[in-house]
Amino acid sequence: MKEIGGYFELELSYGEEYHKSALRLNTGRNAFEYILRAKCYKKVFLPFYTCDSVLEPINKCGLEYEFYKIDNSFRPIFDFETMRAQEVFVYTNYFGIFDNNVLDATKRARNIIIDDAQAFYAKPLPGIDTFYSPRKFFGIPDGAYLYTNAGIHYELETDVSYERFEHLLGRIDKRGDEFYSAFKNNEKVLGNQPLKKMSNITQRMLSGIDYKFAAEKRKQNFRYLHEALHKTNQLPLELDNSFVPMVYPYLTENAEELKRKLINRKIYVATYWPNVIDWTKPESFEYYLVANLIAVPIDQRYRVEDMNEVINIIKN
Ligand SMILES: Cc1ncc(COP(=O)(O)O)c(C=O)c1O
């Protein structure tokens, strides 16, 4: 029975989700698990350069897996001819700027899953299993979107996330550094969760976002940084106006000191992904990326003045 009247719930905007026709699930890794189960895959080919959370569903389903390398344009180095029927190839749209590599891989792999955790705005290609982790782009506690034609034959519970808001609320009232441990704790809590539907509150929050504004800001900030830094950035980035990036990837030798300077100035740059150090050899491109790629924040919270602060530190 619908409740009518009484006290108000948290007031959120009434709008539309960006991925209206996708399945709504609780985490990106669980969206990945959904496809693995629905398609009954037996073996997964994964990039070395990825987040270790993607191993969680593979291990949960007891599947075999093998890593592949990428070249310095983030293209897979892989012999697609060797793939068999129940094997699947996973490609990650790194930083949300490699749609071309996605397209190319989908043409070559007999079975493929696109990991768009870093590419919220990238539309799925027709018939291609694609998942998203929207909290990498927006202030929400959890959630995932999935496009697939396959289904699993049991009812999923709906996730409940009202207890996962401490870091999101705290950062508005106070400061990000005071709630960093609460953020880390939430990330930990999201590990090993059962596959569920997205919570009502996460869906409501995702219905109230100004997606156009956020996309424009991200693109503007990215272009602004690239204009200033492309000469020293070791990554040859090709920009397309349709891409909406997650971060600006700046690759430089000896990034350790620069990272320290940025973090001292409270410019928080994430490391993608520390686990890769344990999986690869020091002479590999992937290892070099973990050590030397600076993921500069360019999101909807920031303006040109903020980008100038970053540029000044990098250029000095
Ligand atoms: C590339 C990539 N794929 C998948 C995931 C998993 O997403 P989630 O944390 O929502 O499970 C992450 C992050 O954790 C990621 O960085």
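Predicted model: local features only at pLDDT ≥ 70, side-chain atom pairs only at ≥ 80, totals over all residues.
Let me begin with a term: a polar contact here is a pair of N or O atoms within 3.5 Å, and within protein one atom must be able to donate a hydrogen and the other to accept it, while residues adjacent in sequence count only if both atoms are side-chain atoms. In that sense, a polar backbone atom of G28 sits 2.8 Å from an oxygen atom of the ligand.

Residues are numbered from 1 along each chain as its sequence is written, and side-chain values use heavy atoms, with hydrogens and water left out.

Staying with the ligand, 15 residues surround it, the closest being G28, R29, D115, S133 and R135, where being near requires a heavy atom of the residue within 4 Å. Side chains contribute as well: a polar side-chain atom of S133 is 2.7 Å from an oxygen atom of the ligand, and for K136 the corresponding distance to an oxygen atom of the ligand is 3.3 Å.

Turning to the overall layout, the protein is divided into domain 1 (23-206) and domain 2 (211-315), with bounds that come from an automatic or database domain assignment. Their centres, taken over C-alpha atoms, are separated by 21 Å, and 29 residues of domain 1 are in contact, meaning heavy atoms within 4.5 Å, with 31 residues of domain 2.

Now the sheet, for which strands are DSSP runs of E with at least two residues, helices being runs of H or I with at least four, both numbered from the N terminus, and two strands pair if DSSP finds at least two bridges between them. Eight strands form an open, mixed sheet in the order β1-β8-β7-β6-β5-β2-β3-β4. Because β1 (23-25) and β4 (76-77) stand at the edges with a single partner strand each, one side of each is left without a neighbour in the sheet. The pairing of β3 (residues 64-70) with β4 is antiparallel and runs over two bridges, and K69 has I77 in β4 as its bridge partner.

Finally, which residues have the most contacts inside the largest nonpolar core? They are Y49, F74, F89, Y91 and F95, in a core of 71 residues, a core being a set of buried Ala, Val, Leu, Ile, Met, Phe, Trp, Tyr and Cys residues joined through side-chain atoms within 4.5 Å, with buried meaning under 20% relative accessible area (1.4 Å probe, protein chains only). Helix α7 (residues 211-229) gives this core its largest share, six residues.

Technical notes. Buried < 20%, exposed > 50% of the residue type's maximum accessible area, 1.4 Å probe, protein only.
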